[in-house]
Structures are given as C-alpha cells and as structure tokens.
Amino acid sequence: MAILWNDIGGKFNPACSSDYLPVDQLRTLQTQRLIAVVHRVYDRVEMYRKRMDERSVTPDDIRSLDDIAKLPFTVKTDLRDTYPFGLFACGINEVVRLHASSGTTGKPIVVAYTAEDIDVWTSVMVRTFAACGCGQGDIIQNAYGYGLFTGGLGAHYGAESLGATVIPISGGNTDRQIMVMKDFGVTAIACTPSYFLHLIERAGNMGVDIKDLPIKTGVFGAEPWTEAMRKYIESASNIKAYDIYGLSEIIGPGVASECSDQSGLHIFEDHFYPEIIDPETGDTLPDGAEGELVLTTLSKKAMPMIRYRTRDITSIIQEPCPCGRTVRKIRRIGRRTDDMFIIRGVNVFPSQIEEALLAVEGTLPHYQIILMREKGLDQIEVQVEVTEEVFSDEVRSMEKLRTVLAQSIERTLNIRVGVRLVEPHTIERSMGKAKRIIDKREM
Ligand code: DLL
C-alpha cells in the first residue's frame, strides 16, 4: 500500500507510522492526551489552575477535542511574566534540558524538556527529515545555530536518530561551510532559507557551483519565506527546498513539515493540536479559514502549553495529501500578526514585498524594508540588490527596473513605496533568521 512507503527512496521508516494513523484513531489518541495534559497542568501549574478556576472550568469538563475551546489561551507574555521556571509542570530535577529564545526586548523566554520530551522532540524531527526525503545514508550539514536556540540541537538529535550522518557545524563561518559541503559530499542541509541564499552566493564567489555538488535537499525553516524564494533557491542550487516549522514554546523545530508534495506542512498533530482563531475575537475558525495558529502540546511533560497563541497566520488544509499522511497540513506561514506594519492605512507584510520583488527579473533575493518618519508621515523604502549586470548597466535601464519593481509592489499593496536598487552584497547577510525590517521611526 502506497501510504506505508516513504515519499522518496521508497523505504518506509517505521518511526513515521504516527503520520499515517487512521483519522478516528488519531482523534481518539488526541482526546486521551488532551485530557491527560489538562489534568497535569491543573494539578501542577498555578497559572493554568487560576485561569481555569476564573472561568469555572475543571479538568473534568474536558471530554472531547471540541471542549478545548473552554480553555484559556496562553500568550508569550505569560512566559515572560513567569520567568524563568514558573510554568514548569515538574520539578527541576526532572528537567534534562533548557533552551531559551532571545526575543527583541528584555528577558528571554525559557523552555524546558524532560527526558521523555526530548524523545518526543527527536521523534518529530525524525518524521520531519523523513518527510523531506532524508534517511540513512544521507550526510546532513546542520547549519542551524547550536546553543540556546532550539534549531541546532533539535535538528541534530532528529538527524542522528534517523540514522543519517550529521555534521554539527552550526551557523556561521560560511567559507568553512562550503568547504565541508564539498569535501564531505553533503547530501542535505538544514538551515534558515536566508542563510542558504548566502551560502549559494558565497560559494559562487569561491568558484564553487552548488549545482555541481551532491547536495539535493534543503530542510529550511525558522523564518518566513515565500514560494518565489523557494523557486529561486531550487533553480540556483538544483536542490529540493522543503519548509519546516516550529517554535520554542511548543518544542522547537518539528511542529510541522512539508512532504514530497510541497503543498503545505503536515502538522504532527498527535503531539501538537492545532486550532485556527480569529486574532481579533479569539473565536475558533473552521478548517480552511485563515487566522492565527493556536497550538496545544498534547504530550509535553516539563512545560505543556495550553492553547498557545503563536501569532503565526495560516490555515488548516482539509484535503487529504497525495503522500498518504493523515495528519493535517497547514499552509506555509508567510505572516505573523506582529510583523505587520501599517503604512498610510494599509496593512503590509514583508512577505508580500518579497513576492512582488522576486516576480521581477534582475533582482536578487536580498532585500530590506526601511521604515522612516518624515514630517510626521510614515514612509517606506524597499532596498533590493540587483545583479552585477543590471548594476553596471546604463542609468536608464536601472531606472526602468526601479519603476517596474515599484509598480509590482504597488500592484500587490495598493500603495506607492520608494524603491532603491543597491549593489550586490550591500545588504547585511544573516547567519540565522534574516532581519527584513529596519524601523527607523523611533530612532
Ligand atoms: O525558529 C524553531 C525552528 C528552528 C523552526 C529551525 C524551524 C527550523 P523560535 O526561534 O522560537 O523557534 O521562532 C519561532 O519563527 O513562531 C514563526 O514566526 C517563525 N518560523 C519558524 N519556522 C517558520 C517557517 C524556531 N517555516 C517563530 N515559516 C515562529 C515561517 C517560521 N515562519
């Protein structure tokens, strides 16, 4: 039966069997786990008990998956307010690992794992790599940052447990990355898509064409990227570029992953129960509708999250996937409720600008959005790198390209924005998550 076989290579990995559970069995498992986790947090975590008491909800009121709507939401500030260990549902003696996410302001948020949590995390990362077509025999260069960031160690444990050969190179030191990729015969790389762009570019400067190397798979995540960016990466490097999603609060990478169909990310919903809500009202929306992704960890022990508001915008895909996995898919996450900025009354997301830019020939996928305030009015300037050929061309053709880009953005956003063409290598490259917006309004 087709569904018992892995997407690529035709070898079934038994570690992935939860991806293919019959749906009624999956729902039963989720319900049992939901009931257990609600009891756990009510008994062990003061914040959850208080919030449920305030709503007059007891663990016994949770008997089905629909009952989840009775439970209160958890938000990022709850993790800050209880910093560092206030949401733990076990003693520190049971915690075998801590990670932290730096955030932009103030204290980081801290997340904890028991030994069992690490096993679950490893298993969902095995499922992630397998869904991206990796397996034993692959040589995986893990260029996600090792350390407090969950990307490095999360991918590391998964890739190792998969039976692949892991190169724990972490992020940065780009020239060495390229040397290793070439000399060790790397077949797959795990890193942010923006860092891989940087690798392609740097390899070119070093006289290495990634297309000539054995690498065939990219396991990319940790930041938003667009379909246009995927096309660029795939054609510039001849690899298949997969999108993987996760967040520290829930587990790290390993929450959802694309499969060979590349048509949405399968959410490992036997461990992470997804809901979509209207970010304004908090109302639950049906499958198919776009809204904020809310996740409940069904099996986490050290730090379970109940109805965690991710701020990531997506929708749940109802249609079954040709790959045969029964766990549902979410659409690629291009936007967060908090990366939106409002310019002259129009809501703008960086990913919309990325799509508009990459639709035009001659641009490079390196761009930055500068927000400024001039005479009390918000202004936006998009800086985008263009190829050497364009840049050394005559002024008239540069001007023409600038106009085309401005029009492309205007068509998408319905507002006029300033566009500045800059030379290749002008925009700072990231070793991890790219910084797309420079907000100079408060500076
Ligand atoms: O970025 C975990 C991770 C590591 C995911 C490696 C994938 C690969 P945080 O640093 O806590 O965790 O950031 C989580 O990053 O809420 C999203 O806004 C964004 N994000 C993560 N993956 C994607 C993706 C890790 N594939 C936040 N597409 C999330 C869009 C993503 N955004």
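Guide: The second largest cavity is lined by Leu 79, Thr 82, Pro 84, Phe 85, Gly 86, Leu 87, Val 110 and Met 303. The model is predicted, so local features need pLDDT of at least 70 and side-chain atom pairs pLDDT 80 or more, while totals for chains, interfaces and linings use all residues. Residues are numbered from 1 along each chain as its sequence is written, and side-chain values use heavy atoms, without hydrogens and water. A cavity here is a set of points, on a 1 Å grid over the protein atoms alone, where a 1.4 Å probe fits but cannot get out; a lining residue has an atom within 4 Å of a point.

The second largest cavity holds about 40 Å³, a volume being the space filled by probe spheres set on grid points that are joined across faces, edges and corners. Its lining has 6 nonpolar, 2 polar and no charged residues. In that count, Ala, Val, Leu, Ile, Met, Phe, Trp, Tyr, Cys and Pro are nonpolar, Asp, Glu, Lys and Arg are charged, and the others, Gly among them, are polar. One of the lining residues, Pro 84, is joined to Tyr 83 by a cis peptide bond with omega about -5°. Pro 84 sits in the loop between helix H3 (76-81) and strand E1 (95-101); helices (H or I, at least four residues) and strands (E, at least two) are DSSP runs numbered from the N terminus.

The model has 2 cavities of 30 Å³ or more. By class, the lining of the largest cavity has 5 nonpolar, 5 polar and 4 charged residues. Domain 1 (14-338) and domain 2 (349-439) each supply at least three of the lining residues; the bounds come from an automatic or database domain assignment.

H7 and E19 also take part in the lining of the second largest pocket, together with helix H8 (227-237) and helix H10 (388-392), each of them giving two or more residues. A pocket is an open set of points with protein on both sides within 12 Å along at least five of seven lines. About 340 Å³ of space lies in the second largest pocket. Of its 17 lining residues, Ile 200, Glu 201, Gly 204, Tyr 232 and Leu 364 lie nearest the centre. H7 gives the most to this lining, with 5 residues, and the classes divide into 7 nonpolar, 5 polar and 5 charged. The second largest pocket lies between domain 1 and domain 2, because both give residues to its lining.

Lys 375, in the loop between E19 and strand E20 (377-386), has a positive phi of about 50° although it is not a glycine.
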